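Please keep the 3D view open as you read.

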Amino acid sequence: MPNPPLHQLIATTYTKDNLHKKILYLRSFFSNYFFKDNQGEAIKLALAKHLDGEQATPYLKDTLVNLGDDFYSFFNQENFNSVLDSLDNEVKQYPIITMYVPVLLPPSEVEKLGTWLRTNVSEQIFMELSVDQSAIGGCKFVWNGMVHDFSLSKRLEGHATEIKQLLKNYDTNG
Amino acid sequence: MLDSLLTETGSLTLLIVVLLFLVVVLLLFLVMNNRRMSNMTYPVYDFVVKDAQKKANQITHDAMKESRKILTEAELAGIKTVAKSKVESKHVEADYEEQLDALTQETQTMLTKYGEHMDAELARLTDALEKRIAVGIQKNENFLQEETDKLSKQLASTFGTLEANAKEQIRSNVEAEFIGVKKVIETYRQERFALIDNELLSLIENTTQVALQKSLNLADHTDLLYKALEEAKSKGSFS
């Protein structure tokens, strides 16, 4: 487990993709903030401006800017690169679940899903989310190297004979 | 010593000069002597030569005279001989022509006789041959006619049999073809139905997918999502 201040970053990030983006934004921000003349501007304000310049999504911007002051006070000119590197290396050891959902989930739903997984599966889990319309409903996921299909399309396959019979009966009855 | 040597040399030179003078005088004496000798002997030689020449001329004259005589005699003999042979050859020529004419006449007569005989024989032969050919042609025509009649009857019989066989063959082939086609159609029908049955499920899936995407909202999807996750959890998929 990383340092408690850094735990805030992990706690508010549920997908590997978002985590990598946040680390990149922080690295570029600190590079500018510590080595350029920022005239003592407040760090969160500077961060917000920087993220606007990077065209970060509102969700990522909010989650980063809303991190506690103790998170940002942890970084300085000498340590920000090494700390972010160690965080990146730390996260590589966390378990990953690959999920296939039928529709694109908004950030809020991603957050809810991540919370459910960290509550019911593992508190250090990260997701890799993909959209698979053939699932129709429900989801498929890969966990511990095994594929689990709980999609609607799988259910239809499971009842193929009944469906065919139903159609035949429909055809016969007109 | 040098003086004595010079004195000896002078004496030697003088001696040599004197000797040379003597040799020259001797040579002159010899030349003059020869000239005198030749002047003395020339008239005798001249006489002998002239005499010989005269005799030679005489001999030559006699020889020429004799040769002219011989030539004249030879010419005369030759002319006589030529005249004689001309006369004789004229006789021979006349005889030859006479005999040649006789021979020619005889040959012509014989050839005419043989020619007439040959014509007669040829006419007789041709006549006989024509008669033979006419008979042969007639026989061949009769034979051909008989054979043609036989062949026609055989062909008619064969064609009739072939036609019947071909009709039967065609009929049975067409029947077999129809039976085969019916089987193929039936097999195709069954295969198509099986294919439709197999594809029916994916068709239903695609239709359902399209229909549900249009009808399900985000809340419905998330509801289905969490139901699926709960089911997975209950079945121990996350253990």
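Between chain A and chain B, the rule finds 1 salt bridge (a side-chain nitrogen of Lys or Arg within 4 Å of a carboxyl oxygen of Asp or Glu). The side chains that meet in a salt bridge are those of Arg155(A) and Glu231(B), at 2.1 Å from N to O. On the side of chain A that touches chain B, the elements giving two or more residues are β1 (96–101), α7 (107–120), β3 (138–143), β4 (146–151), α8 (152–158) and α9 (160–173) of chain A. Helices (H or I, at least four residues) and strands (E, at least two) are DSSP runs, numbered from the N terminus.

A word on the basis: this is a predicted model, where local features need pLDDT of at least 70 and side-chain atom pairs count only at pLDDT 80 or more, while totals for chains, interfaces and linings use all residues. Residues are numbered from 1 along each chain as its sequence is written, chains are lettered from A and ligands numbered from 1 in the order in which they are written, and side-chain values use heavy atoms, with hydrogens and water left out.

## The wider interface

In all, 33 residues of chain A are in contact with 25 residues of chain B, contact meaning heavy atoms within 4.5 Å. About 2,600 Å² is buried between chain A and chain B, 71% of it on carbon and sulfur atoms; buried area is the accessible area (1.4 Å probe) that two parts lose on being put together, summed over both. Trp116(A), Ile136(A) and Phe150(A) supply 23% of the area that chain A buries against chain B, more than any other three residues.

## Phe141(A)

Look next at Phe141(A), which has its place in strand β3 of chain A. Phe141(A) has a relative accessible area of 0%, so it is buried (under 20% relative accessible area; exposed is over 50%, partly exposed in between; 1.4 Å probe, protein chains only). Leaving aside neighbours within four places in sequence, its contacts include Met99(A), Phe150(A), Leu229(B) and Phe238(B).

## Aromatic rings

The whole structure holds 15 aromatic pairs over all chains. With ring centres 5.6 Å apart and planes at 75°, Tyr33(A) and Phe34(A) are an edge-to-face pair. Rings of Phe, Tyr and Trp (its six-membered ring) pair if their centres lie within 6.5 Å; planes under 30 degrees apart count as stacked, over 60 as edge-to-face and the rest as tilted. Tyr33(A) counts as buried, at 16% relative accessibility.
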